[in-house]
Amino acid sequence: MRMKIKLLHLLFLSALLQACHYPPQPGNRCYGVNYNFICMSDSMMLQVDRPLHNQPVDTSSYMPVIHRGDELVVAGFTVIPEDTTDSVWVKVAHDQVTQGWMHEQELLSHVVPNDPISQFIYLFSQRHLLVFLLFVAGMALVQLLWRNRRRQLHFPHFNDIASFYPTASALLFFVAVLLYGSIQRYVPETWEVFYFHPTLNPFGLPLVLSLFLSAVWLALVCLVAAADDVLSMLPPLSAFRYGVSLIGLFMVGYILLSLAARFQLDYLLFMLYAVWAVVRYVRRFAPHLRCGVCGAKMHAPGVCTRCGTENTAAAGTKPEIH
């Protein structure tokens with residue numbers, strides 16, 4: 001069964017990812033001279049003297065000159081084939097005085113491109129941050145579910161509002177998560193180029209990146225529409241709790257899809273969730289009625305969540321106001 005799922009997974013992605021590569025450039029890196037970085041570690045030690053062939057590294061020329069938040073510019077490259085640690089050295093400069101050389105791989109582990117999109121990607125990919133967010137989201141979901149059973153609070157998928165936008169935003173967010181994971185697994189060089197040269201424009205990019213950015217934008221649009229519906233249908237405190245639970249759903253779903261990706265089950269998990277979420281909304285929360293006083297959408301006769309009016313309806317008749 002697992003082999004069949006993996007085969008279907010690969011067949012589905014092969015058609016999608018065939019034309020998703022940037023043009024191959026063997027031996028070239030995604031950044032060059034005059035590229036800007038920003039230091040993300042507490043300090044970096046640079047070698048002042050240029051490394052030379054067939055000469056040991058002079059550790060006495062190391063000095064901590066770069067600190068967290070310092071901006072750097074790439075000033076040059078050199079290759080030392082006999083260097084067993086890393087043959088590529090990069091010269092970076094903070095100013096005219098503060099500059100020096102460092103192994104490329106060590107440098108890239110301490111810096112991030114000086115671009116807000118790249119910095120967001122770097123921070124979002126940190127494991128300790130994901131663990132913290134999962135803990136917070138899990139605790140929030142457990143608390144809200146417990147209170148929901150006692151007070152009938154509104155909660156996505158369980159005691160949802162009469163709006164499809166929250167469900168649509170969750171589905172689109174998870175589509176973006178699937179594409180994000182697929183890019184990193186199957187075309188990592190494409191994601192590396194995007195990381196060093198990010199953009200929010202979904203046009204003019206490889207197909208998979210265009211789909212990823214389009215899913216992100218559509219998820220944000222649906223999230224804004226969902227926020228508008230939530231604020232119009234629920235009191236401020238209930239709307240805040242609903243918003244927290246929705247964000248918690250996003251984070252828990254992201255972690256679960258990331259874990260399922262290790263076993264090639266992320267697409268199957270998403271399809272099961274998508275079918276369940278859509279069917280549950282259509283059967284239980286789709287709006288078929290409107291409040292007779294304020295006109296708010298309602299999925300069943302009862303108390304209006306916006307104005308608090310009691311709406312009742314006999315079989316085959318429109319809601320009446322008491």
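Modeller: Gln-264 sits in the loop between helix 8 (236–261) and helix 9. Keep in mind that this is a predicted model.

Biologist: Good place to start. Why is Gln-264 called buried?

Modeller: Its relative accessible area is 18%. Buried means under 20%, so Gln-264 is counted as buried.

Biologist: And what is the phi of Gln-264, a residue other than glycine?

Modeller: Phi is near 60° for Gln-264, which is a positive value. Most residues other than glycine have a negative phi.

Biologist: Where does His-157 lie, and what makes it count as buried?

Modeller: The loop between helix 4 (127–151) and helix 5 holds His-157. The relative accessibility of His-157 is 5%; with the limit for buried set at under 20%, His-157 counts as buried. Phi of His-157 is positive too, near 75°.

Biologist: How do you know that Val-221 counts as exposed?

Modeller: Val-221 belongs to helix 7 and has 52% relative accessibility. Exposed means over 50%, so Val-221 counts as exposed. In space, Val-221 is 10.0 Å from Ala-168, C-alpha to C-alpha, although 53 residues separate them in sequence.

Biologist: Now a strand residue: why is Thr-78 buried?

Modeller: Thr-78 is part of strand 4 (residues 71–79). Leaving aside residues up to four places away in sequence, Thr-78 touches Arg-50, Pro-51, Ser-87, Val-88, Trp-89 and Trp-101.

Biologist: Which residues in helix 6 and helix 7 meet?

Modeller: Helix 6 brings Thr-190, Trp-191 and Phe-194, and helix 7 brings Leu-209, Phe-212 and Leu-213. Of these contact residues, five are nonpolar, one is polar and no residue is charged.

Biologist: What do the buried residues of helix 6 pack against?

Modeller: The buried residues of helix 6 are Thr-190, Trp-191, Phe-194, Tyr-195 and Phe-196. They pack against strand 1 (36–39), helix 2 (104–108), strand 7 (111–113), helix 3 (116–124), helix 5 and helix 7.

Biologist: Why is helix 5 called roughly antiparallel to helix 9?

Modeller: The axes of helix 5 and helix 9 (residues 266–285) cross at roughly 175° and come within 11 Å. Angles over 145 degrees count as roughly antiparallel, so that is the name for helix 5 and helix 9. Among the residues that meet are Leu-171, Phe-174 and Val-175 in helix 5 and Tyr-267, Phe-270 and Tyr-273 in helix 9. This contact divides into 11 nonpolar, two polar and two charged residues.

Biologist: And why is helix 5 roughly parallel to helix 8?

Modeller: Here the axes of helix 5 and helix 8 come within 10 Å and cross at roughly 30°. Under 35 degrees counts as roughly parallel, so helix 5 gets that label with helix 8. Helix 5 passes helix 8 in a right-handed crossing. Residues in the contact include Phe-173, Val-177 and Tyr-180 of helix 5 and Leu-246, Phe-250 and Tyr-254 of helix 8. The contact of helix 5 with helix 8 has 14 nonpolar residues, two polar and one charged.

Biologist: Which residues have the most contacts inside the largest nonpolar core?

Modeller: Those are Phe-37, Met-44, Trp-191 and Phe-212, in a core of 51 residues. Helix 5 (residues 165–186) gives the most to this core, with nine residues. Phe-212 touches Ala-176, Leu-179, Tyr-180, Ile-183 and Trp-191, not counting residues up to four places away in sequence. A separate second core has six residues, including Ile-161, Met-233, Leu-234 and Tyr-242.

Biologist: Finally, how many helices and strands does the chain have?

Modeller: The chain has nine helices and 12 strands. Of its 322 residues, 42% are buried.

Conventions:
Residues are numbered from 1 along each chain as its sequence is written. This is a predicted model: local features need pLDDT of at least 70, side-chain atom pairs count only at pLDDT 80 or more; totals for chains, interfaces and linings use all residues. Side-chain values use heavy atoms; hydrogens and water are left out. A nonpolar core is a set of buried Ala, Val, Leu, Ile, Met, Phe, Trp, Tyr and Cys residues joined through side-chain atoms within 4.5 Å. Buried means under 20% relative accessible area, exposed over 50%, partly exposed in between (1.4 Å probe, protein chains only). Helices (H or I, at least four residues) and strands (E, at least two) are DSSP runs, numbered from the N terminus. Contact means heavy atoms within 4.5 Å. Ala, Val, Leu, Ile, Met, Phe, Trp, Tyr, Cys and Pro count as nonpolar, Asp, Glu, Lys and Arg as charged, and the others, Gly among them, as polar. Axes are lines fitted to C-alpha atoms, for helices over the stretch in contact, and angles run from 0 to 180 degrees between N-to-C directions. Angles under 35 degrees count as roughly parallel, over 145 as roughly antiparallel, 65 to 115 as roughly perpendicular and the rest as oblique. A crossing is left-handed if the near helix is turned anticlockwise from the far one by less than a right angle, and right-handed if clockwise.
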